[in-house]
Amino acid sequence: KQLRPLGRSTRGVRAMKLKSDDDKLVSMDIVSAQITAAIAASDEAEEDDENEEILDEVDNGPWVVAVTNKGFGKRVQVGRFRLQNRAGVGLRAIKFKSEGDRVASLRIVNSGNELMLVTSRGIMIRQAVESISLQSRNATGVRVQRLDKEDAIVAVALVPEAAEDEDEA
């Protein structure tokens with residue numbers, strides 16, 4: 001609703017306001033309209049019983065998985081993040097445990113999904129989403145993958161469901 005149609009030669013509009021020149025956008029994912037409507041409804045009327053039921057469904061539903069390059073990660077309910085307008089500064093998704101730790105990936109996941117973690121040395125680990133603990137937005141997270149000092153997580157990808165079905169066959 002906030003994006004107007006633009007021509008091919010235009011630059012577009014600002015999606016997020018960054019605090020410094022060192023900041024950069026790492027990852028982006030899409031949340032369904034049904035979930036965003038439930039979050040907006042729960043923000044507007046916190047004590048309404050109907051909205052509490054919707055928020056409980058959101059708590060069971062999709063999560064944000066944050067993974068850092070030093071091997072820490074966590075799951076946070078999507079409903080714990082408030083909706084923001086275009087060019088907003090954003091919210092803290094994870095607290096870093098050590099100096100030099102950065103966000104490697106943020107993904108929206110559902111129950112039953114699996115992640116593929118890739119390190120700079122080429123090590124790939126497949127991990128179920130449910131094995132990553134559910135925590136608050138400001139928590140540090142748990143160790144998702146043990147790494148050497150020189151190694152770092154460079155990418156996190158969702159394993160497509162079609163690939164899971166082929167493995168079972």
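Which residues of strand 2 lie buried on one side, and which on the other? In this predicted model, both faces of strand 2 are covered: Phe72, Lys74 and Val76 are buried on one side, while Gly73, Arg75 and Gln77 are buried on the other. Strand 2 spans residues 72-77, and since six of its six residues are buried, the strand is largely enclosed by the rest of the structure.

The protein chain contains three helices and seven strands, and reading along the sequence gives the pattern α-α-β-β-β-β-β-β-β-α. Of its 169 residues, 33% are buried, and the chain exposes about 11500 Å², of which carbon and sulfur atoms supply 47%. When contacts between residues at least 6 apart in sequence are considered, 70% of them join residues at least 24 apart.

Strand 2 has two pairing partners to consider here. With strand 1, residues 63-68, strand 2 pairs in the antiparallel sense over five bridges, and within this pairing Val67 stands opposite Gly73. With strand 6, residues 142-143, strand 2 pairs in the antiparallel sense over two bridges, where Phe72 has Arg143 as its bridge partner.

Is Asn69 buried or exposed? Its relative accessibility is 17%, and because a residue under 20% is classed as buried, Asn69 counts as buried. Leaving aside neighbours within four places in sequence, Asn69 is in contact with Gly100, Asp101, Arg102 and Ala104, and also with Leu147, Ala152 and Ile153.

A further group of strands forms an open sheet, in which three strands lie in the order 5-4-7 with antiparallel pairing. Its edge strands are strand 5, residues 124-128, and strand 7, residues 153-158, each of which pairs on one side only. Neighbouring strands of this sheet are turned by 25° against each other on average, with direction ignored. Strand 4, residues 114-119, is joined to strand 5 by five bridges, and the two run antiparallel; Glu114, for instance, has Ala128 in strand 5 as its bridge partner. Strand 4 and strand 5 also form a hairpin, here with four residues between the strands, and Gly122 in that hairpin takes a positive phi near 90°. Ile153, one of the residues in contact with Asn69, falls within the range of strand 7.

Finally, the aromatic rings can be considered. What is the count of aromatic pairs? The count comes to zero when a pair requires ring centres within 6.5 Å. Charged side chains do, however, sit over rings in this model: Arg75 lies over the face of Trp63, at 4.5 Å from the ring centre, and Arg137 lies over the face of Phe81, at 5.7 Å from the ring centre.

Notes
Residues are numbered from 1 along each chain as its sequence is written. This is a predicted model: local features need pLDDT of at least 70, side-chain atom pairs count only at pLDDT 80 or more; totals for chains, interfaces and linings use all residues. Side-chain values use heavy atoms; hydrogens and water are left out. Rings of Phe, Tyr and Trp (its six-membered ring) pair if their centres lie within 6.5 Å; planes under 30 degrees apart count as stacked, over 60 as edge-to-face and the rest as tilted. A charge sits over a ring if NZ of Lys or CZ of Arg is within 6 Å of the ring centre and within 35 degrees of the ring normal. Two strands pair if DSSP finds at least two bridges between them. Axes are lines fitted to C-alpha atoms, for helices over the stretch in contact, and angles run from 0 to 180 degrees between N-to-C directions. Buried means under 20% relative accessible area, exposed over 50%, partly exposed in between (1.4 Å probe, protein chains only). Contact means heavy atoms within 4.5 Å. Accessible areas come from the Shrake-Rupley method with a 1.4 Å probe; for residues, only the protein chains shown count as cover.
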